[in-house]
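Here is a short briefing on strand pairing and helix packing. Have the structure open while reading.

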Amino acid sequence: MSFLVVENLKKHFQVKGTDLFGRDKQVVKAVDGVSFRLERGKVLGLVGESGCGKSTLGRTMLRLLEPTEGRVLIDGTDVTTLKGEKLRTQRRTFQMIFQDPYASLDPRMTVFDTLAEPLFEHKLVESSQALNRVKELMDVVGLASRHIRKYPHEFSGGQRQRIAIARALALEPELIVADEPVSALDVSIQSQILNLLSDLREQLGLTMVFISHDLGVVKHVSDDLAVMYLGKIAEYGPTQEVFQAPGHPYTQALLSAIPVPDPDYKVEQIELDGDPPSPINPPSGCRFHPRCRYANADCAKLEPSLDIDSQRPAVRVACSRLDAVRQK
């Protein structure tokens, strides 16, 4: 059985208030029926445009947001049904690295307080052992223990993100959701954090969901790739296979936008018309059809399922026009 199983996960937000006729306003379908599997020790890259539901999916998987519908199984345990002390205990097995290290750390807490808090909360160490354990965590992420009494504002962005990573590792989790962990950092620092995450994955055997809008980064760190569009997965499979032969028109457009550091290498840039539709009122049928150059009348009527690609059995694509896409 796969280590992480997500089945038909949905997260809908009710818009507050009523319209002129006293009826409840519409629902924002941020995540609307997402399913995938991830093996232990693997990294899933989750990509898509801003607003497609990537971060909401990550937070809903870890019960930071309550799911509207669906199941999330982590090592066979359905975390969507857990409550109270059982959920609190289970949280040790999954942690999250947030996007902004400037906002995710409490400015009133020293590094020691930040890293020791989860250890004390889950009663993993005695007070006399906490200092050594915190120093171990700092060493794992490449921070000098002499900084243990400093506050977040005394560190650079890259150092703060290392502290956030150390906090996520404090409880020795098996699953980590990294929500764009390098997007707020300078380019010169991004590679350091990415290499750190790769090293930690190998050393600790972590399973990871890596959320990003940067396809170059995702290609570097992930084993599998899931492409999201307007709350749903458009294409899903091994990263190398998806990059080599993207099937969904949206995936093709995303990959065509990756800069190539070779002025003599020409790539057809696929420009998408318009902006993504509103998740409050998504298009009927295929959600991508208003921006798709291969769409026909049936695309507006029938919603495609995420089916196995006959030419790439390890890949699933949600497109009823896949044959037409390949012919062009």
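The points below cover the sheet, its pairings, and the helix contacts.

This is a predicted model. An open sheet of four strands has the order 2-1-4-5, with antiparallel pairing. Helix 6 packs with helix 7 and also with helix 4.

**Sheet layout**

- Strand 2 (27-38) and strand 5 are the edge strands.
- Each edge strand has a single partner, so one side of each lacks a neighbour in the sheet.
- Helix 1 (residues 54-61) lies across strand 1, strand 2 and strand 4.
- Helix 1 runs at about 115 degrees to strand 1.

**Strand 1 with strand 4**

- Strand 1 spans residues 4-14 and strand 4 spans residues 69-74.
- Five bridges pair these two strands in the antiparallel sense.
- Val5 sits opposite Leu73 of strand 4.
- Lys10 has Glu69 of strand 4 as its bridge partner.

**Strand 4 with strand 5**

- Strand 5 covers residues 77-78 and is joined to strand 4 by two bridges.
- The two strands run antiparallel.
- Leu73 is bridged to Asp78 in strand 5, while Val5 stands opposite Leu73 as well.
- Strand 4 and strand 5 make a hairpin, with two residues between them.
- Asp75 lies in the turn and has a positive phi of about 55 degrees.

**Helix 6 with helix 7**

- Helix 6 (residues 157-169) packs against helix 7 (residues 187-204) at an angle of about 20 degrees.
- Their axes are 10 Å apart.
- The angle is under 35 degrees, so helix 6 is roughly parallel to helix 7.
- Their crossing is right-handed.
- Helix 6 contributes Gly158, Gln161, Arg162, Ile165 and Leu169 to the contact.
- Helix 7 contributes Ile189, Gln192, Ile193, Leu196, Leu197, Leu200 and Leu204.
- By class, the residues of this contact are eight nonpolar, three polar and one charged.

**Helix 4 with helix 6**

- Helix 4 (residues 111-121) packs with helix 6 at an angle of about 20 degrees.
- The axes of helix 4 and helix 6 are 8 Å apart.
- Helix 4 and helix 6 are therefore roughly parallel to each other.
- The crossing of helix 4 and helix 6 is right-handed.
- Val111, Thr114 and Leu115 of helix 4 meet Ile163, Ala166 and Arg167 of helix 6.
- The contact of helix 4 with helix 6 has four nonpolar residues, one polar and one charged.

Key. Residues numbered from 1 in each chain as written. Predicted model: local features only at pLDDT ≥ 70, side-chain atom pairs only at ≥ 80, totals over all residues. Heavy atoms only, no water. Pairing = 2+ DSSP bridges. Axes fitted to C-alpha atoms, helices over the stretch in contact; angles between N-to-C directions. Parallel < 35°, antiparallel > 145°, perpendicular 65-115°, else oblique. Left-handed = near helix turned anticlockwise from the far one by under 90°. Contact = heavy atoms within 4.5 Å. Nonpolar A, V, L, I, M, F, W, Y, C, P; charged D, E, K, R; others polar.
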